[in-house]
Amino acid sequence: MAANIFGRYVWLIEQFRRYGRLTYEEVNSLWQRSGLSYGDGDDLAIRTFHNHRKAIFDIFEVDIVCDTKGGYKYYIDRPEELENDHLRIWIIDSYTAMNQIQADRKLKGRILFESVPSGHRWLHTITDAMHNNQVLSIAYQAFGKPEPCYFDIEPYYLKVVKRRWYVLARNPYYSTRGGHQEGDGQAEDVFMLYALDRISDCSPTGATFRMKEDFDIDEYFRGCCGIMRSQEEPVRILLKAYYSAPDYLRTLPIHESQRELVEMRNDEASYFELTVRPTFDLYQRLLAQADQIEVLEPKSVRGQMSHFVKKLMSYYCEES
């Protein structure tokens with residue numbers, strides 16, 4: 001029972017995500033058919049159900065409340081907050097698949113996950129340091145560097161992008177020596193991203209730091225399409241999408257700011273606009289469908305795409 005109690009909490013959350021409002025009797029009926037019950041077809045006791053609700057709130061901060069005036073139906077309070085929390089949804093979705101595999105052994109080996117190939121060994125050390133505001137000493141070898149550099153970081157956030165884990169950290173050295181000077185003469189804080197698969201050593205120094213209360217992670221990554229960030233402000237980009245590209249863009253937007261310009265759609269193509277920083281992450285996304293996506297505006301981004309295309313052509317053009 002204890003081995004999969006976490007999975008049962010996730011299962012219960014998923015039922016309310018899927019069906020919306022359920023009575024206790026409806027929950028119990030789903031429980032009996034789930035393959036996760038405590039015995040073959042056993043009931044989910046009402047006391048156990050309420051204990052699970054409390055545990056779910058304590059662990060996930062998901063409040064399953066009861067509408068006493070609407071037929072005593074239970075539902076997730078403020079479900080939009082849960083759906084917008086990518087970490088919680090990722091955990092719930094992953095455990096939901098594991099629950100299904102456990103309940104139906106026929107699915108074993110038939111659900112494939114995209115693994116993150118490296119960097120796992122430092123996750124516990126970094127999350128523990130984040131929890132306790134501990135300064136970490138790391139050995140970091142960037143791509144193209146012959147040997148690692150050793151320095152301290154103050155870990156703020158973890159982020160996974162394109163199968164790589166990254167830690168966003170304040171760099172004390174650059175913050176005190178290399179940062180731009182603010183109006184009051186104080187050095188500006190310098191934050192940098194470090195890929196965990198390029199860290200060869202990582203350990204707490206024993207020193208602690210105070211996380212800046214006014215640091216806004218959403219503002220830091222505003223307009224970013226991935227992990228890269230630039231000082232350039234986000235710009236409006238107009239795309240023309242051909243063939244199957246519109247369907248891909250609709251189902252997997254390049255950026256949260258993306259919207260389709262329905263009034264411009266025609267039989268030939270569809271049009272999309274987004275407001276982003278033109279970083280290499282953006283160009284990688286556009287180049288992945290370069291034969292079906294055309295950048296119309298602005299000229300600077302269109303010109304950079306033209307540069308990439310000409311470079312690609314030089315690789316494949318036959319020798320005269």
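Which residues of helix α10 (residues 280–287) are buried?

**View 1. Buried residues of helix α10 and their packing partners.** In this predicted model, D281, L282, Y283 and L286 are the buried residues of helix α10, which spans residues 280–287. The buried residues of α10 pack against the strands β8, β10 (270–276) and β11, and also against helix α11.

**View 2. The open sheet of four strands.** Strands β9, β10, β8 and β11 form an open sheet in the order β9-β10-β8-β11, and their pairing is antiparallel. Because β9 (259–260) and β11 (293–297) each have a single partner strand, they stand at the edges, and one side of each is left without a neighbour in the sheet.

**View 3. Pairing of β8 with β11, and the helix across them.** Strand β8, comprising residues 235–241, pairs with β11 in the antiparallel sense over four bridges. Within this pairing, L239 stands opposite V295 of β11. Helix α11 lies across both β8 and β11, and runs at about 145 degrees to β11.

**View 4. A nonpolar surface patch that includes Y316 of helix α11.** L312, Y315 and Y316 make a nonpolar surface patch of about 400 Å². Y316 is located in helix α11, which covers residues 299–316. With a relative accessible area of 68%, Y316 is classed as exposed, because the cut-off for that class is over 50%.

**View 5. The open sheet of five strands.** The strand order in this open sheet is β6-β5-β4-β3-β7, with antiparallel pairing. Strands β6 (191–195) and β7 (199–208) are the edge strands, each pairing on one side only. On average, neighbouring strands of this sheet are turned by 45 degrees against each other, direction ignored.

**View 6. Pairing of β3 with β7.** Strand β3 (residues 134–140) and β7 run antiparallel and are joined by six bridges. The bridge partner of Y140 is I199, located in β7.

**View 7. Helix α6 across the sheet of five strands.** Helix α6, formed by residues 123–132, lies across β3, β4 (149–161), β5 (164–170) and β7. Relative to β4, helix α6 runs at about 95 degrees. Strands β3, β4, β5 and β7 belong to the open sheet with the order β6-β5-β4-β3-β7.

How values were computed: Residues are numbered from 1 along each chain as its sequence is written. This is a predicted model: local features need pLDDT of at least 70, side-chain atom pairs count only at pLDDT 80 or more; totals for chains, interfaces and linings use all residues. Side-chain values use heavy atoms; hydrogens and water are left out. Patches are made of residues with over 30% relative accessible area and no salt bridge: like charges are joined within 9 Å, nonpolar side chains (Val, Leu, Ile, Met, Phe, Trp, Tyr) within 5 Å. Accessible areas come from the Shrake-Rupley method with a 1.4 Å probe; for residues, only the protein chains shown count as cover. A salt bridge is a side-chain nitrogen of Lys or Arg within 4 Å of a carboxyl oxygen of Asp or Glu. Helices (H or I, at least four residues) and strands (E, at least two) are DSSP runs, numbered from the N terminus. Buried means under 20% relative accessible area, exposed over 50%, partly exposed in between (1.4 Å probe, protein chains only). Two strands pair if DSSP finds at least two bridges between them. Contact means heavy atoms within 4.5 Å. Axes are lines fitted to C-alpha atoms, for helices over the stretch in contact, and angles run from 0 to 180 degrees between N-to-C directions.
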